[in-house]
Amino acid sequence: MRYAQGGGLTDAGRAARERIRLQAVERFKGGEKNKDIAAALRVGERSVERWRRLWRERGEAGVLSKGSPGRPRLGERQIARLERELERGPLAHGWADQRWTLARVKTLIGRLFHVSYTVEGTWQLLKRHGWSWQQPARRAIERDDEAVEPVDEGGMAAGKSTAAACNGWIVFEDEAGQSMTPPRARTWGRRGRTPVVRVRGRGSGRVSMAGMTCYKPGKRSRMFYAVREYNGRKDQPKGFGWRDFRDLLIRARIQLGGPIVLVWDNVRIHLTAPLQEFIAANSDWLTVFQLPSYAPDLNPQEGIWSMVKRDIGNLAAADLSQITRAVKHRLKQIQYCPDLVDGCLVGTGLTFNE
């Protein structure tokens, strides 16, 4: 059945309903049982009982529908108010989590406007006004949106101006890590049976990754990376130190052949004194800008990590070296696909024009 905006049936739906009731009347005249009629017409047995009672009392006219009761529809001002309330989120309306379901939206419409919608009608209403079922993005509560907005809307104006002035590259840096437990990825399975990926429960260690996505108008986008494996051995570094970032920057400078405008976050290792001294000593080719706190969505390198982790989803690795090989293989593939590196920049909403 097709439903209208206010939760009632459309003209096509009402016509289909009338045909079903007329068929039921013909079967009443033929002496068929309610159970058989319900099965043949694919309706509830209680509905058939109610129709038979109306047929006995009022004849065929009693069975036929009187049409839609004409419940009030939401006007443009009401729709605008509903959208504002939806944008406030479910928490503002008393629900414990932040999921808008059709049942909750239906309840909210009833609270605000005292109009009864069906779940199907609610779906049609939302779809008609540009809403859809989506996977939400996560952002930290501590994030300062006022600090992020100038970066997002201005397209890294300061960094662009500096890079243009020195004819340099804008380079985004970020780190990530992966343990023996692989990321979960969607897979096909028999309905009603959740697929199980068996992974090793024992063993420690971590694969650390550092990467740089590099952009310059008129040039092919580049990506550099470093991978370090930590097996839990004594005196083995767990992650990257300031020297590793220094060496990665030097390698990028040699490969790019020009000045670098580096954009990265405020993690502690980036602010260590030796690294700050290295940056100050090489200010002729290296300029550093800090991203706002809790704003990973502004860093294209985050998109690279997302592709890498999606590729190793459900990987039941025998040991840490297998994860390391898989990570390096995927990063090497991305290096030879500048379109993927460009796509990560597009995903941030930042722009770098000619």
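Helices and strands here are DSSP runs, numbered from the N terminus; a helix has at least four residues and a strand at least two. The model is predicted. On this numbering, N167 sits in the loop between α9 (157–166) and β1. Its phi is near 55°, a positive value in a residue other than glycine. N167 is exposed, with a relative accessible area of 52%.

D235 also has a positive phi, about 65°, and is not a glycine. Its place is the loop between β3 and α10 (242–256). With a relative accessible area of 74%, D235 counts as exposed because the cut-off for that class is over 50%.

## F28 and its partners

F28 belongs to helix α1 (residues 11–29). The residue is buried: its relative accessible area is 3%. Beyond its neighbours within four places in sequence, F28 is in contact with N34, I37, V48, W51, R52 and W55. One of these partners is W51. F28 and W51 lie 23 residues apart in sequence, and their C-alpha atoms are 9.4 Å apart in space.

## How α2 meets α3

Two packed helices are described by the angle between their axes and the distance between the axes. For α2 (residues 34–41) and α3 (residues 45–58), the angle is about 120° and the axes are 8 Å apart. The crossing is right-handed.

Helix α2 brings N34, K35, I37 and A38 to the contact, while α3 brings E45, V48, E49 and R52. By type, the residues of this contact divide into three nonpolar, one polar and four charged.

The largest nonpolar core has 30 residues. Those with the most contacts inside it are M223, I304, I323, V327, L331 and I334. At least two residues each come from β1 (169–178), β2 (206–215), β3 (222–230), β4 (260–264), α12 (300–311), α13 (320–335) and α14 (338–348). Helix α13 gives the most, with six residues.

What is I323 in contact with, leaving aside its neighbours within four places in sequence? The partners are Q178, S179, M180, V207, L315 and A317. A second, separate core has 20 residues. Its members include A210, F224, L248 and I279.

Definitions and conventions. Residues are numbered from 1 along each chain as its sequence is written. This is a predicted model: local features need pLDDT of at least 70, side-chain atom pairs count only at pLDDT 80 or more; totals for chains, interfaces and linings use all residues. Side-chain values use heavy atoms; hydrogens and water are left out. Axes are lines fitted to C-alpha atoms, for helices over the stretch in contact, and angles run from 0 to 180 degrees between N-to-C directions. A crossing is left-handed if the near helix is turned anticlockwise from the far one by less than a right angle, and right-handed if clockwise. Contact means heavy atoms within 4.5 Å. Ala, Val, Leu, Ile, Met, Phe, Trp, Tyr, Cys and Pro count as nonpolar, Asp, Glu, Lys and Arg as charged, and the others, Gly among them, as polar. A nonpolar core is a set of buried Ala, Val, Leu, Ile, Met, Phe, Trp, Tyr and Cys residues joined through side-chain atoms within 4.5 Å. Buried means under 20% relative accessible area, exposed over 50%, partly exposed in between (1.4 Å probe, protein chains only).
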